[in-house]
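This report describes the fold, the surface and the charged contacts of one protein model. The sequence and the structure are shown first.

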Amino acid sequence: MLTGGWTHASGFGAVGWVTPHDAQALRDERDALTREHASLRAQLEQALAEIERLRRTLDEAERGGKRQAAPFSRHTPKANPKPPGRKAGAQYGV
């Protein structure tokens, strides 16, 4: 006498009988896959959190670079600078 049951409840499309040993092996495989799924979910959550953190850091760096104004001069200004522009009339070129 066979122990176990059909692999499909209705009996149609059944592959064959599932023995208690096969059923236990399937349960073990299901449990292993469930643990692997949970582990991969946790890794995904960590990766998404890291991506979000890096995006925020990049956005802050980009915004900070746009706000930063370059200095007009890197040196100290002259004590008595000449007035800007071209000299008028006969004084030009002198």
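The sections below treat the overall architecture, the salt bridges and a surface patch.

## Overall architecture

The model is predicted. The protein chain contains 1 helix and 2 strands, and its elements follow the order β-β-α from the N terminus. Helix α1 covers residues 20-67.

Of the 94 residues in the protein chain, 2% are buried. The accessible surface of the chain amounts to about 9300 Å², and carbon and sulfur atoms account for 58% of that surface.

## Salt bridges

The structure has 3 salt bridges. One of them joins the side chains of E50 and R53, with an N to O distance of 2.7 Å. E50 and R53 are 3 residues apart in helix α1, about one turn of the helix. E50 has a relative accessibility of 36% and is therefore partly exposed; R53, at 40%, is also classed as partly exposed.

Another salt bridge links R56 to E52 at 3.8 Å, N to O. Both residues belong to helix α1, where a spacing of 4 residues corresponds to about one turn. R56 is partly exposed at 45% relative accessible area, and E52 is partly exposed at 38%.

R30 and D31 also form a salt bridge through their side chains, at 3.5 Å from N to O. R30 is partly exposed, with 49% relative accessibility, and D31 is partly exposed, with 31%.

## Nonpolar surface patch

L44, L48 and I51 make up a nonpolar patch on the surface. Together, these residues present about 250 Å² of accessible area. L44 lies in helix α1 and counts as partly exposed because its relative accessibility is 41%.

How values were computed
Residues are numbered from 1 along each chain as its sequence is written. This is a predicted model: local features need pLDDT of at least 70, side-chain atom pairs count only at pLDDT 80 or more; totals for chains, interfaces and linings use all residues. Side-chain values use heavy atoms; hydrogens and water are left out. Patches are made of residues with over 30% relative accessible area and no salt bridge: like charges are joined within 9 Å, nonpolar side chains (Val, Leu, Ile, Met, Phe, Trp, Tyr) within 5 Å. Accessible areas come from the Shrake-Rupley method with a 1.4 Å probe; for residues, only the protein chains shown count as cover. A salt bridge is a side-chain nitrogen of Lys or Arg within 4 Å of a carboxyl oxygen of Asp or Glu. Buried means under 20% relative accessible area, exposed over 50%, partly exposed in between (1.4 Å probe, protein chains only).
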